[in-house]
Every structure is written in C-alpha cells, then in structure tokens.
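The following note sets out points for a colleague to check against the coordinates. Each point can be read on its own.

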Amino acid sequence: MLRSNPNVQNQYELVCIEDLVLPNHPLRKIQKHIDFSFILDLVHPYYCEDNGRPSADPIMLFKMLFIGYLFGIRSERQLELEVHSNNAYRWFLGLGLTDSVPDHSTLSYFRQRLGDGDVFQEVFDQVVLLAIKHRLVAGRVLITDSTHLKANANKQKFVKEEVTKSTKTYINELDEAVRADREANGKKPKPRKEVEEPKETKISTTDPESGYMVRDGKPEGFFYLDHRTVDHKYNIITDVHITAGNVHDSVPYVDRLEHIVQKFGFENTLEAVALDAGYFTSYICKKLQDKKIYSVIGGRAFTPVRGLIGKWRFKYDAEKNVYICPQKHELKYSTTDHQGYRQYKSDPNHCANCPLLRECTRSKNKQKVITRHVWHVSKEWVKQRSRSGKYLYRLRYRTVERSFADAKELHGLHLNELHILPRKKRRLPVTLPA
C-alpha cells in the first residue's frame with residue numbers, strides 16, 4: 001500500500017545526543033582510546049592568560065581538523081556546514097544540538113598560527129606514543145616511501161630564479177672519509193673549495209613553497225612530497241614529513257629515522273627497514289650499517305652505454321686495491337675526489353693494443369676510468385641483505401603504499417593536509433632471518 005509521510009519536522013522532542021550516534025561509529029572508538037587533553041599544554045604558549053576575548057576551545061578546533069582529514073572534507077567552509085548538521089560530529093566535539101559551531105575563519109587562523117611552530121608535530125608524536133602504549137606499534141620493522149601531492153598551483157604561472165645549491169648535511173662526514181682514504185693511499189689531503197653553484201629553478205607565483213617536479217614516469221608540475229614511515233605490525237604511521245616536490249626522496253630520510261628512533265625509544269627494538277630504490281645511496285647505506293639495522297632496499301638496473309661493456313665485468317681486488325678488466329689487466333688507484341669517489345685508471349699503452357678497446361672505452365687517450373665510492377662497502381652490505389630479505393620489500397605494497405592509497409582515495413589527500421592517525425590495518429607477521 002503506497003503512502004507518504006505527511007509529518008513536518010517542526011516538533012520539539014526531548015532527546016539525548018548520545019543516543020543519536022551509532023554504537024559502531026568510528027568516532028566512538030577514537031573518543032574511547034585517545035585522550036586529547038595534552039593539546040592544552042602544547043598550545044598554552046600561544047594564548048594570553050589575562051587579556052583578550054575568551055578563545056574557542058583548542059581541543060575542539062583540533063578535533064574539527066581531525067574530522068576534516070578523517071572524512072575527506074578539504075574545505076573548512078564545508079567542514080563548518082558538516083559539523084553543524086551532523087550529530088556524530090557534534091557529539092565528538094562536545095557540542096549540543098543548539099550550540100553554535102566555530103566559524104571557518106577561526107579554524108583557518110588556528111591552523112595557520114599553530115602551523116608555524118611544532119605543535120602539529122608534537123600532537124602527531126603524542127598520538128603515536130599512545131599507539132605504542134596500546135601495543136599497536138612494535139618498532140621492529142619500519143617501511144618508508146614517498147608520494148607526490150599536487151599543489152594547488154598552475155604550472156604555467158611561475159618565475160625563474162637562481163638559487164644556491166644547498167650543501168649536503170653529511171659534507172663534514174664525507175670530507176673526513178675522503179681525507180682518511182687519501183691518506184691511506186699515500187695522497188696528500190686536498191682541502192675542499194667552497195664554491196656556490198647557482199641553479200635556475202621555477203618558483204610558483206601561486207604557491208612558492210611547492211617545488212617543480214620533473215621525473216621519469218611522473219606528472220610534471222608543482223608538487224609536494226609526502227615522506228611517510230609506517231610500522232609493519234598494524235600499519236600505523238609513525239612519521240610524516242612534507243617537502244617540496246623537487247627534493248629527492250633520500251635527502252630527509254636519515255634525519256627522520258633518527259627522529260623516530262629517539263622520540264619513540266626504538267634504539268633496542270628496531271631490527272629492519274624496507275625502502276624503495278630511490279633511497280639506495282652511499283650515505284644512507286653507511287648510516288644503516290653503522291646502526292646495524294637489517295636493510296632491504298630496492299635495486300636499480302643501470303644499463304651501460306650502448307656498445308660498451310658494463311662495469312660489473314670489472315672485478316675488484318680488495319687486497320691490491322685494483323680493478324681487473326676482462327683481459328686480466330689491472331686498473332690502478334689514481335685519486336679520491338671530493339665527492340668521495342676513488343678513480344681507477346688503466347694503462348693507455350696497454351689498452352691501445354687491446355682487442356676489446358672499442359667495447360671498453362671511447363676516450364681519446366684510450367684510457368679506461370672506473371670509480372668506486374669510499375662507502376661502497378656499505379652498499380654491498382645492503383645488497384646482500386636485500387637479496388635475502390625480498391619478503392620484507394614486498395611488505396611495501398601492503399603497508400606504506402596502501403597507506404598512501406587510503407589517504408588519497410578515502411581522505412582527500414590531494415593537497416597538503418594535516419595527518420594525525422591512520423586507519424587500523426591487519427597485522428602482517430614477519431620473522432627476521434638470523
């Protein structure tokens with residue numbers, strides 16, 4: 001029997017907002033397990049105690065930002081409207097049915113003011129510590145990767161500026177390694193010349209903090225990079241670091257790893273890390289070896305110059321410190337440059353009569369030069385573990401890459417968004433080799 005409901009919703013009813021929230025609503029779980037009172041101590045320096053108008057509750061404002069990320073509401077104006085009409089959001093924020101919702105401009109000012117400091121990072125770390133307390137984070141295997149986030153900027157609107165190439169953070173450590181290597185091989189120390197290398201780059205006129213990204217297989221334009229580290233146990237995110245899109249993946253890794261280890265006390269628990277091929281650098285390999293962390297890093301297939309034989313056909317003799325070519329000729333040590341690469345050179349007189357000369361080198365002086373980094377031993381150390389720990393590398397697809405997919409598809413992370421707590425994932429059991 002067909003009928004319609006003629007009732008008009010203009011009647012007064014005596015209800016409890018607690019009864020209007022579903023028992024299995026995800027906000028109920030968050031409210032039960034996370035105590036947000038620590039936020040008051042973090043934001044206390046940003047408020048005046050005895051002057052000005054009464055402020056909006058910072059915990060409530062932070063929870064609004066949390067709702068915006070969790071449910072993919074990117075606009076703060078839209079977030080204000082959603083909270084106004086959603087009973088579950090009102091219950092989570094501690095608002096009654098007739099209480100006014102904070103204006104979107106208040107929310108924007110709150111984000112901007114606290115975003116200039118380390119408040120959001122401290123809040124993030126406190127939530128991770130709560131996850132550790134509830135045994136959701138083991139700290140045994142950490143998996144790191146990065147993804148590009150499109151900036152809200154037109155790639156055609158930019159200005160070209162010359163910027164000075166930043167000096168690597170490990171330059172002092174590299175200089176010491178180069179000095180020791182030159183001394184061990186009978187070479188005099190060679191002081192580094194401080195030369196600034198200006199480089200022309202594109203700066204967006206809309207979003208100057210973004211970076212112009214040009215990578216093979218990636219879209220071209222202004223982007224950010226989301227560097228993310230997750231714990232393998234339940235895929236809880238332990239660190240998020242945002243950089244411009246033109247910053248290489250490997251640049252912030254060592255500093256962020258040390259931050260995680262020191263902040264969360266993983267000195268005695270961290271056993272292994274799994275990384276993409278972009279992190280396979282000499283410095284990262286050395287630091288991981290120094291910390292004795294079982295490291296699995298994806299390798300890259302470097303194709304030789306067309307028509308020339310590959311470097312792998314030259315065998316390194318550690319006792320003599322020479323390379324041996326396919327014709328059993330020795331390439332002797334020549335020098336170590338400031339980039340940390342040893343140079344091994346062949347005898348031009350011998351190479352001139354070699355039958356493989358055309359396949360070996362195209363240099364005019366008929367001399368073959370092979371380079372080897374002073375930290376190459378660390379790269380070999382990582383390679384050995386990468387071969388035996390391929391199952392750890394496969395965890396990337398079910399952990400950090402899944403985290404990126406959830407953030408973009410479910411939480412609207414197509415721009416630089418605040419991130420606090422990931423979704424709970426199925427546990428992935430891992431047994432490390434002896």
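**Cysteines, cores and contacts**

1. The sulfur of cysteine 354 lies 6.0 Å from the closest cysteine sulfur, that of cysteine 325, which is too far for a bond; a disulfide is taken here as a pair of cysteine sulfur atoms within 2.5 Å. Cysteine 354 is buried, at a relative accessible area of 19%, where buried means under 20% relative accessible area, exposed over 50% and partly exposed in between (1.4 Å probe, protein chains only). Cysteine 360 is likewise in no disulfide, its nearest cysteine sulfur being that of cysteine 351, 6.1 Å away. Cysteine 360 counts as buried, with 12% relative accessibility. By this rule the count of disulfides is zero.

2. On the basis of the note: this is a predicted model, in which local features need pLDDT of at least 70 and side-chain atom pairs count only at pLDDT 80 or more, while totals for chains, interfaces and linings use all residues. Residues are numbered from 1 along each chain as its sequence is written, and side-chain values use heavy atoms, with hydrogens and water left out.

3. The largest nonpolar core has 46 residues, and Tyr253, Leu257, Phe266, Leu270 and Leu288 have the most contacts inside it. Such a core is a set of buried Ala, Val, Leu, Ile, Met, Phe, Trp, Tyr and Cys residues joined through side-chain atoms within 4.5 Å. Helix H9 (residues 253-264) gives the most to this core, with six residues; helices (H or I, at least four residues) and strands (E, at least two) are DSSP runs, numbered from the N terminus. A second, separate core of 35 residues includes Ile17, Val43, Val83 and Phe110.

4. Leaving aside residues up to four places away in sequence, leucine 288 touches Tyr253, Leu257, Val273, Leu275, Ile293, Ser295, Ile297 and Trp381. Contact means heavy atoms within 4.5 Å.

5. Tyrosine 341 is placed in strand S12 (residues 341-345) and counts as partly exposed, at 34% relative accessibility. Not counting residues up to four places away in sequence, tyrosine 341 touches Thr335, Thr336, Thr371, Arg372 and His373. Tyrosine 341 and lysine 287 are 54 residues apart in sequence and 18 Å apart in space, C-alpha to C-alpha.
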